[in-house]
Amino acid sequence: MRLLRNKVWSWLDVALLKWSCLLLGMVMGAYLADVVRSYWWVLLLLAIVFAIRPALTYFRD
C-alpha cells in the first residue's frame, strides 16, 4: 500500500474527513484547554506561519 498517492475523493468522503477533524479538535481543545490558554500566542504565530505558503500559492496564480 502506497501512503502518498493521487485519489479523487467523493464529496461525502471530504465532508466526513472535515467533520472528523473538527470533532477531534473540539475534544482535544476540551482536554488541553489550560495548555492552549498558556501558549495562545505561540499557536497564533504558528497558524500565521503555516498559512503563508498556501496564501502565496493561491494568490500567485
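**A tour along helix H1 and beyond**

Start by selecting Leu23, which sits in helix H1. Helices here are DSSP runs of H or I with at least four residues, strands are runs of E with at least two, and both are numbered from the N terminus. This is a predicted model, where local features need pLDDT of at least 70, side-chain atom pairs count only at pLDDT 80 or more, and totals for chains, interfaces and linings use all residues. Residues are numbered from 1 along each chain as its sequence is written, and side-chain values use heavy atoms, with hydrogens and water left out.

**Stop 1**

Is Leu23 buried, partly exposed or exposed? Leu23 counts as partly exposed because its relative accessibility is 45%. The cut-offs are these: buried is under 20% relative accessible area, exposed is over 50%, and partly exposed lies in between (1.4 Å probe, protein chains only).

Leu12 and Leu23 are 11 residues apart in sequence, and their C-alpha atoms are 16 Å apart in space.

Move to Gly29, also placed in helix H1. Gly29 has 33% relative accessibility, so Gly29 counts as partly exposed. From Val8 to Gly29 is 21 residues in sequence and 31 Å in space, C-alpha to C-alpha.

**Stop 2**

Select Asp34 and Arg37. They form a salt bridge, with the closest N and O atoms 3.5 Å apart. The rule asks for a side-chain nitrogen of Lys or Arg within 4 Å of a carboxyl oxygen of Asp or Glu. By this rule the count is 1 salt bridge.

Arg37 counts as exposed, at 58% relative accessibility. Asp34 counts as exposed too, at 57%.

**Stop 3: two rings**

Select Tyr58 and Phe59. How many aromatic pairs are there? The count is 1 aromatic pair. The ring centres of Tyr58 and Phe59 are 5.0 Å apart and the planes stand at 80 degrees, so the pair is edge-to-face. Rings of Phe, Tyr and Trp (its six-membered ring) pair when their centres lie within 6.5 Å; planes under 30 degrees apart are stacked, over 60 edge-to-face, and the rest tilted. Tyr58 and Phe59 are both exposed.

**Stop 4: the whole chain**

Zoom out. The chain has 3 helices and 0 strands. From the N terminus, the order is α-α-α. The C-alpha trace spans about 40 × 30 × 25 Å along its principal axes. The radius of gyration is 16 Å, while a compact globule of 61 residues would be near 10 Å. That radius is taken over C-alpha atoms, and the globule rule is 2.2 Å times the number of residues to the power 0.38. Of the 61 residues, 0% count as buried.

**Last stop: confidence**

Colour by pLDDT, the predictor's confidence in each residue, from 0 to 100. The chain averages 88, and 97% of the residues score at least 70.
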